[in-house]
Amino acid sequence: MTTGTLSQQQRSEAERRATLARIRKIARRTLVYGFMLALGFLFLFPIIFMIVAAFKPNDRVIADLSSIRAFFPNPSILTTANIKDVFERVPFGRLAFNSVFTTFVTVIAGLFVNSMAAYVLSRLRWIGRGLVLGIIVSLIIIPLEAIAVPLMMEVNEMNTALNLIITALMAILTGLLWAALWNASGTWVEDAGGGSLPAPAAWGLQALFTAIVALPLEILTVMMIRQTIDGGTWLNTYHVQILPFIAEPFSIFLFYQFFVGIPKDFDEAAYVDGAGPFRIYWQIMVPLSRPVFATVAILKFLQFWAAYLWPLMATRSSDFRPLMVGMDFFQTQAPIRWGSIMGYAAMVTIPVLIIFLLFQKWFVQSVSSSGVKG
Amino acid sequence: MHTFYQQHFGGQRGRDFLIAMFMGGPAFLLLGLFMIWPVIRGIDLSRTNQRFDGAQAANVGWSNYDKILSVNVIRLPDIPDPLPEEAPAAGWYRSNDGELIFRWRARGLEEIGLGQYADYEIARQFSIRDNQYAVIAKDPLFWKALLNNFYFVLIVVPVQTALALLLALLINQKLPYRNVFRTLYFSPVATAMVIIAVVWLFLYNPQYGLINQMLDTLSGGQLGPYKWLQSSKMAMPAIMIMSIWQGVGFQMIIFLAGLQDIPEDLYEASGIDGANAWQKFRFVTLPMLRNTTIFVVLTTTILAFRLFDQVNVMTPDGGPNESTATMVWYAIRRGWGQSEVGYASAVSIVFVGIVLIISLIQRGVIRSGDAAE
């Protein structure tokens, strides 16, 4: 670029200014990054402290609390004694299984049940639809905490009739899911190279696949059958931690919002082709709504993984207790070892943090789409 | 009847109704069984003295509600016998600071001539001029829990919303690696509250705790050391700080989504009009975030009212001087801890009522704001 009109002095002046602007920009960025890093430390330090303390000898946990050693331990003293102590004193494996199992079944069954309800609310015209929708929206603000005490009373004295109804409900749901999965798995089995198999073998594969994917609902049905036969209280079981939370107004609402936004042309085309409502739901709505399924799954996962109040009230023994309630053991049973508490906390947190880091994009997306527009 | 049936349950609509009941029925039935029925059952139980241990329950009418909600302000009669030297086991005495104190737990109100308030306890005393007044309630702990709840909500909701917005603005700058910071600020949300509460128990340790240490270093010895959870003044703020720390990342993400929905040309247009950064924020960002802010405030309010987990982990007995007792904590303690299901149900129903009223008020305020625009 020739700037003949600019004198040497003007040019150097312009250069000086450009340098100044660059320096100012760099300084500003450094400041912003410094501030953001400081904030990052603020958000992270308790978690770092917990993980570090988990691997320190018990007596150093408190002793190091107020020094820089809380974050940068002397590497030579690191030990796994706390972790061993956790395994010795509580059935950690069982607690972890309970947590994973109840969370998993609640989330999967919830996705199925809530999305179907949202589908019939958003797509079919039936008498009472407006009323049901209104009730569900107003139920969103009723917190579990407010109904926990009467709910505990209710599940303690479930009678056979109610048990039977719920068993039948679970059986119907399982049947529906079977039908849907069997239908869908035909093409999946073929795609996976099963097309070359003889018919009975392909059917077997299809049946196996169906049975495995529908496992959460099958297990619930079996549990309910046993509950109906044995009778008695629901307290201290798995299903008391699952069944009350499958249907959830906020999940239904999220699904409903998403389904309403899907153009009706899709299902009308399928309807003209002779597809029934369930088929339209399963083959058109579900594949089109993957983002909202991910949203609901992640939000419910965060909620049920951290569930504390209800498991605390509804379970009595570590046979059925989840990890969050298991924490109480270390705080109440002598000897109270701070190292073990931190070890337990870290063991509960690290797997979820890893999952979070791997899928953080999904987590963030699901949270941002829970913020309803308007 | 036949035409009604034809109209509503015959033909296409009838088929739709059956399918709706078949596909949506499971969710509706489960919601009815485990959400609506407990509310109805709760109303029913709240009028009994039902206990969880199976003792025979009797109908007690509205007396549970009467006990919960009875509150009054009375003027205390003049001091019967001044006892200047030593504090008596019960009655009035003057403390070392010269303050007049009435020991009420040891002596009922009827003994000082207020027999009609025999069921009440003194929750708080104050004096206007030379007259002594007292706030009395039949269940002072409920009112304490209610006030604590409001204290928590009134501080946490605005502070958390404002901080979330600030963080979102910070992250929304077009800087490299901003997603790393987004993940950092969000990570407490992915950690369970119970675990966080246990870790913060250590951080709040009055003697060795990192938080006191940091405050001391940062303020050059001006601040602290605080006793945090061991002091009735600082216990609730301690729980507030931790709750904000844990929850702010969630709201930040929602604000971030709102910010990214604002069209870029609005900023460009206002830039051409000569708006500076603050004016852009005030006249473009804030109005465009109105719906997001409403959503965040509504959800945070409901969440804040449900405060239980951290309180129960950090201060299982309600904190020093019951300063961290909350309504949910109180209902659970009475219903589950002390097995008084009837009374706890009444507390729960009152809690639901309060949450309902608050949300209705909020919605009303928003609607009138809409009308004003």
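Predicted model: local features only at pLDDT ≥ 70, side-chain atom pairs only at ≥ 80, totals over all residues.
Let me start with the overall make-up of chain B. Chain B holds 15 helices and five strands. Of its 373 residues, 37% count as buried. If we take the contacts in chain B with a separation of 6 or more, 60% of them are accounted for by residues 24 or more positions apart.

I turn next to the strands of chain B. Strand β5, residues 131-137, pairs with strand β1, residues 71-75, in the antiparallel sense, over five bridges. Within that pairing, Val73(B) stands opposite Val135(B). Strand β5(B) also pairs with strand β4, residues 121-128, again in the antiparallel sense, and here there are seven bridges. In this case Ser127(B) has Gln132(B) of β5(B) as its bridge partner. Strands β4(B) and β5(B) form a hairpin with two residues between the strands, and Arg129(B) in that hairpin takes a positive phi near 55°.

In chain A, Asn236(A) has a positive phi of about 60°, although it is not a glycine. Asn236(A) sits in the loop between α9 (215-230) and α10 (239-242) of chain A. Because it has 14 C-beta neighbours inside 10 Å, Asn236(A) counts as partly exposed. In chain B, the phi of Glu322(B) is positive too, near 55°. Glu322(B) belongs to the loop between α13 (309-314) and α14 (327-337) of chain B. With 18 C-beta neighbours inside 10 Å, Glu322(B) is therefore also classed as partly exposed.

Helix α14 of chain B brings us to Gly337(B), which has its place in that helix. Gly337(B) has 13 other C-beta atoms within 10 Å, so it is partly exposed. Gly337(B) and Phe52(B) are 285 residues apart in sequence, yet their C-alpha atoms are 10.0 Å apart in space.

Let us move to the contact between the chains. Chain A contributes 74 residues to it and chain B contributes 76 residues. On the side of chain A that touches chain B, 62 residues are nonpolar, eight are polar and four are charged.

Finally, I come to the nonpolar cores. Which residues touch the most other members of the largest core? In this core of 185 residues, they are Val113(A), Ala148(A), Ala345(A), Val194(B), Val198(B), Val199(B) and Val347(B). Setting aside neighbours within four places in sequence, Val113(A) is in contact with Leu173(A), Ile246(A) and Ala247(A) in chain A, and with Pro26(B), Ala27(B) and Leu30(B) in chain B. There is a second, separate core of six residues, among them Leu76(B), Tyr120(B), Ala123(B) and Ala134(B).

Note on methods:
Residues numbered from 1 in each chain as written. Chains lettered and ligands numbered in written order. Helix = DSSP H or I, 4+ residues; strand = E, 2+ residues; numbered from the N terminus. Buried ≥ 20, exposed ≤ 12 C-beta atoms within 10 Å, placed from the backbone. Contact = placed C-beta atoms within 7 Å. Nonpolar A, V, L, I, M, F, W, Y, C, P; charged D, E, K, R; others polar. Core = buried A, V, L, I, M, F, W, Y, C linked by C-beta atoms within 7 Å. Pairing = 2+ DSSP bridges.
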